[in-house]
Amino acid sequence: CSNLAAALAYLHERNVIHRDVGLANVGISVGGGKVKLLDFGLAKVLPPSTYENERFLLTGNTGSIR
């Protein structure tokens, strides 16, 4: 779990939001047992913040029509 939290923190520090975190998009490596975050198809890169403490509010449904 701490590897997953570290991966999300890393992405958020770089203004990237995964937008589809769930059991289907988390893998565990064979042998090493490392947790991996998968499938960045819905990921979004946010514009750089102009204010140090600015927060983004994302609302609505994520996903795509297939």
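**View 1. Arginine 19, a partly exposed residue with positive phi**. Arginine 19 has a relative accessible area of 34%, so it counts as partly exposed (buried is under 20%, exposed is over 50%, and partly exposed is in between, with a 1.4 Å probe and protein chains only). Its phi sits near 70°, a positive value in a residue other than glycine. You'll find arginine 19 in the loop between strand E1 (16–17) and strand E2 (26–28); helices (H or I, at least four residues) and strands (E, at least two) are DSSP runs, numbered from the N terminus. A quick note on what you're looking at: this is a predicted model, where local features need pLDDT of at least 70, side-chain atom pairs count only at pLDDT 80 or more, and totals for chains, interfaces and linings use all residues. Residues are numbered from 1 along each chain as its sequence is written, and side-chain values use heavy atoms, with hydrogens and water left out.

**View 2. Asparagine 25, in the loop between E1 and E2**. Is asparagine 25 buried or exposed? With a relative accessibility of 8%, asparagine 25 counts as buried. Setting aside residues up to four places away in sequence, asparagine 25 touches His18, Asp20, Lys36, Leu37, Leu38 and Asp39, where contact means heavy atoms within 4.5 Å.

**View 3. Aspartate 39, another positive phi**. Aspartate 39 belongs to the loop between strand E3 (35–37) and strand E4 (44–45). Its phi is near 55°, a positive value in a residue other than glycine. Aspartate 39 is partly exposed, at 44% relative accessibility, and it is one of the residues that asparagine 25 touches.

**View 4. Asparagine 3 in helix H1**. H1 covers residues 2–13, and asparagine 3 is partly exposed there, with a relative accessible area of 40%. Which residues does asparagine 3 contact, leaving aside its neighbours within four places in sequence? Those are Lys34 and Val35. As for the helix itself, the 12 residues of H1 should span 16 Å at 1.5 Å a residue, and the end C-alpha atoms are 16 Å apart, so the two agree (the expected span is 1.5 Å times one less than the number of residues).

**View 5. Glutamate 13, arginine 14 and tyrosine 10**. Glutamate 13 and arginine 14 form a salt bridge, their closest N and O atoms being 3.4 Å apart. Side chains of opposite charge can pair when their charged atoms come close. The rule asks for a side-chain nitrogen of Lys or Arg within 4 Å of a carboxyl oxygen of Asp or Glu, and searching the whole structure turns up 1 salt bridge. Glutamate 13 is exposed at 62% relative accessibility, whereas arginine 14 is partly exposed at 43%. Arginine 14 also lies over the face of tyrosine 10, at 3.6 Å from the ring centre; a charge sits over a ring if NZ of Lys or CZ of Arg is within 6 Å of the ring centre and within 35 degrees of the ring normal. Just after H1, asparagine 15 takes a positive phi of about 60°.

**View 6. The whole chain**. Zoomed out, the chain has 1 helix and 4 strands, in the order α-β-β-β-β along the sequence. Of its 66 residues, 15% count as buried.
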